[in-house]
Protein chains: 2
Amino acid sequence: MLQEYIHAHEQRLLDELLTFLRIPSISTLPEHQGDVARAAEFVADALRTAGLEHVEIIPTDGHPLVYGDWLHAPGKPTVLCYGHYDVQPPDPLELWHTPPFEPTIRDGNIYARGSADDKGQMYTHIKAVEALMKLHDGQLPVNVKFLVEGEEEIGGKAIAKYVPAQQEKLKADVALVSDTALYADGIPTLCVGLRGLIYTEIEATGPARDLHSGLFGGAAPNAVFGLVELLAKMKDAEGRIQIPGIYDDVLEPAAAELASWDSLPFSAESMRQNEVGATSLTGEPDRRVLERIWSRPTLEVHGIAGGFTAAGAKTVIPSKATAKVSLRLVPDQQPEKIVAALRDFVAANTPLGIVTEVRVLSGGPGLVVNPDHPAMAAAAKVFGEALGRPTVFTRSGGSIPIVGDFAQHLGIPTVLMGFGLPDDGLHSPNEKFRLSNYYLGIATVAHFLEEYGNR
Amino acid sequence: MLQEYIHAHEQRLLDELLTFLRIPSISTLPEHQGDVARAAEFVADALRTAGLEHVEIIPTDGHPLVYGDWLHAPGKPTVLCYGHYDVQPPDPLELWHTPPFEPTIRDGNIYARGSADDKGQMYTHIKAVEALMKLHDGQLPVNVKFLVEGEEEIGGKAIAKYVPAQQEKLKADVALVSDTALYADGIPTLCVGLRGLIYTEIEATGPARDLHSGLFGGAAPNAVFGLVELLAKMKDAEGRIQIPGIYDDVLEPAAAELASWDSLPFSAESMRQNEVGATSLTGEPDRRVLERIWSRPTLEVHGIAGGFTAAGAKTVIPSKATAKVSLRLVPDQQPEKIVAALRDFVAANTPLGIVTEVRVLSGGPGLVVNPDHPAMAAAAKVFGEALGRPTVFTRSGGSIPIVGDFAQHLGIPTVLMGFGLPDDGLHSPNEKFRLSNYYLGIATVAHFLEEYGNR
């Protein structure tokens, strides 16, 4: 019945999503503030249309939150559906085959920034609720609350403030997040572990102004080189982080979890060739690749800028240079402790003549979810039925800070049931979401709510 | 007699220079192309007025060259006078106390863009020749050729092509260049050494595209970090270049030259505080600061760019990163050999998973001029007499490519006799040229031509 409903409404369900994807709601760029606001309106309208009540756009210091609920299933559990309507910047634009905000269907995929991360996936929740309402005379098998944010890609400050302040309003038994991917095409996957993230900017200052490298080269400190020297000391040639104490609190996965990872279809060579596209994978040689990305802390430099970078030659000794540096955290690393260790390391390793500053933009811990929770069991069952094979439990190396906030402030676990694919190109040019997975998502979320309501 | 002539014509000599300085001949800005052409006309007219013959404006692919000569002193040496009539852009305009192209006399200085670099200094050559002609019935003590360019501030492409193609026309015994400064106020200074320069771009490529650092962090190579690791290996913590063989051919200054440097007024602390503005000077601790900037090769990173560098946070593993890297060369380092050593080093030290490319943008050797050359001896004598103390022989850590071209293609040394001061603010707001040094320049160049003709 649900399948028939979705099939009958295929075109409309797609058209609505495409309209949503056309809004360039890039949360990090001030010039798109109006677009982000428009995307919030779109979400609020969609919630109302689906049948949610108490729909509101909640102003914040940054981009607004959108809330809505339906609480007429007494005795049934409450599911808090979370998603985000903001997207990453699309640069480099020239690598997109079709424009990032003109969604295009090719080979069964929707190509657009935000298609998989997270507009397309978040929208499956709304459409699942809408379908259940239509099919059951405005009734749902569980209580639902929606909380959708517009700052996920820039650290989620507003929601991080809102959740602890609104514990009663947001009270629920479990959260549902669709912002992850199937382990591989056709494999129903629930994610039970996430890495945390500390995101920083490190700025180095050398001379008071750019100097002529002929007149001062050899005697004056160079901010770019100073930053380069500092950053290079942060990892050894095999990727081990050299900041003292960084591995002290790392919780090793249980033997059974490692064994289950070993049973997953995984090819390092395929990952290297098809997903990474580099001459080699890298990282701690004594660790499985899946450990490196799921259960090991990492340090990355996301960007660096300093001095003269236009075409041609200019012989300056640069005064300033900045790098974006993050650490991915795993249970049980404490963000505060890691930030302190990073600051100590920078202070101790700043080269002569250079002054450094560490600015922390955001931070949150890694976490793991218990796969035996009733909601997890319900999700595993319906997801496995939808794809005709047992659901696997994996982790993600990414960070979804809100999951940690739900655990900490609402005391609830999160079902991470994502419908993306590993090659969806999140944060990259030509991001896509498979069209059939969009419909799969709507059906599976609806079945999950039904199954969970029956337990 | 010469002094009296200059004194009698002081006002006219100043007015002419001010007229020259009012032409905004900014070679790098296309909208000033007409002004650059007007400045070339001005130079040609001044050469004709001074008594030079065969004056011509030579069209090039860029801005024109101006040539003129007087060759009626058989048996006497020939001096090739070089200068440039183009100037740097004046930005940032708001920092100028008076407009850059409305020359203003304040506290005995001419404030204007190009006053010291190089219009004012170059014009001393023309006015010196004119004075000698007037005083000696149209005769000069030596043969002279003038070659004045309009692209010095943008790389000097046209003259670099012209010199090797016109070896017969430009044949001379020595070149005279006034585009440098006194070591300090009142100290007659001849520059006898320049560093060469190899300017490169080094590009690192890791993954085929920017990747999500959560999903791949720990296993995928990072182009920015790979470049950082590579660059950091190029120098040790004390600034010694680690590229094998780099110091093999470095010619140490003679003990007498080092002793003369030790006799110069120099304060590292003053340089640190007033010129560099950093917490410390840096560089090879077992070398004098003047050695580090005059007679030691250096490696600098002028700029670096890669990954996400806008405001906020983006968690990518960057696919590409590029750095502008130069080496300053000293005698007898061979540019080709150094480029090869750099390429070998980059190939040997490129981290796992990274592909690097080295692009060489330009290259030229360092050089020293023999202070015992007759022209140098003549210049040292008259300059010392003009300022009442012995001429000092210094070097510059910068590069003046045309001096290398004269050496390579015409086989002649260059007398680098400049009348600027270290704080003239070349390329900066409020560039100035001390008025008395303008007249000093005219007199000293004229005396030099007389003295050299008598040897």
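Residues are numbered from 1 along each chain as its sequence is written, and chains are lettered from A, with ligands numbered from 1, in the order in which they are written. Because the model is predicted, local features need pLDDT of at least 70 and side-chain atom pairs count only at pLDDT 80 or more, while totals for chains, interfaces and linings use all residues.

**Stop 1: both chains**

**Stop 2: the contact between the chains**

Select the residues of each chain that touch the other; two residues are in contact if their C-beta atoms, placed from the backbone, lie within 7 Å. Chain B gives 72 residues and chain A gives 79. On the side of chain B, the elements with two or more residues in the contact include β10 (211-212), α6 (213-216), α7 (223-232), α10 (289-294) and β11 (298-307). Helices here are DSSP runs of H or I with at least four residues, strands are runs of E with at least two, and both are numbered from the N terminus. The largest share of this side, nine residues, comes from β11(B).

By class, the side of chain B that touches chain A has 35 nonpolar, 27 polar and 10 charged residues. Ala, Val, Leu, Ile, Met, Phe, Trp, Tyr, Cys and Pro count as nonpolar, Asp, Glu, Lys and Arg as charged, and the others, Gly among them, as polar. Of the interface residues of chain B, 94% are also interface residues in chain A, so the copies meet through the same surface.

**Stop 3**

Select β14, β9, β13 and β11 in both chains. They form an open sheet of eight strands with antiparallel pairing, in the order β14(A)-β9(A)-β13(A)-β11(A)-β11(B)-β13(B)-β9(B)-β14(B). Two strands pair if DSSP finds at least two bridges between them. β14 (355-364) of chain A and β14 of chain B stand at the edges, each with a single partner strand, so one side of each has no neighbour in the sheet. From one strand to the next the twist averages 20 degrees.

Go to β11 of chain A (residues 298-307), which runs antiparallel to β11(B) and is joined to β11(B) by five bridges. A:G306 has B:I304 in β11(B) as its bridge partner. Then move to β9 of chain B (residues 196-205), where nine bridges join β9(B) to the antiparallel β14(B). B:T205 is opposite B:V355 in β14(B).

**Stop 3: a hairpin in chain B**

Select residues 53-58 (β1) and 65-70 (β2) of chain B, which pair in the antiparallel sense over four bridges. β1(B) and β2(B) form a hairpin with six residues between them. B:I58 stands opposite B:L65 in β2(B).

**Stop 4: two helix pairs**

In chain A, select α3 (residues 33-50) and α4 (residues 119-135), whose axes come within 8 Å and cross at roughly 20 degrees. Axes are lines fitted to C-alpha atoms, for helices over the stretch in contact, and angles run from 0 to 180 degrees between N-to-C directions. α3(A) and α4(A) are therefore roughly parallel to each other, a term for angles under 35 degrees. The contact joins A:A46, A:L47, A:T49 and A:A50 of α3(A) to A:I126, A:V129, A:E130 and A:M133 of α4(A). By class, this contact has six nonpolar, one polar and one charged residues.

In chain B, select α5 (residues 157-165) and α13 (residues 401-410), which pack at an angle of about 15 degrees with their axes 9 Å apart. α5(B) and α13(B) are therefore also roughly parallel to each other. B:I159, B:A160, B:V163 and B:P164 in α5(B) meet B:P401, B:I402, B:D405, B:H409 and B:L410 in α13(B). That contact has seven nonpolar, one polar and one charged residues.

**Stop 5: backbone details in loops**

Select A:D117 and A:D118, joined by a cis peptide bond with omega near 0 degrees. A:D118 lies in the loop between β5 (109-111) and α4 of chain A. Next, A:D107 has a positive phi of about 50 degrees although it is not a glycine; A:D107 is in the loop between β4 (104-106) and β5 of chain A. Finally, in chain B, the bond between B:D91 and B:P92 is cis, with omega about -5 degrees. B:P92 is in the loop between β3 (78-84) and β4 (104-106) of chain B.

How values were computed: Angles under 35 degrees count as roughly parallel, over 145 as roughly antiparallel, 65 to 115 as roughly perpendicular and the rest as oblique.
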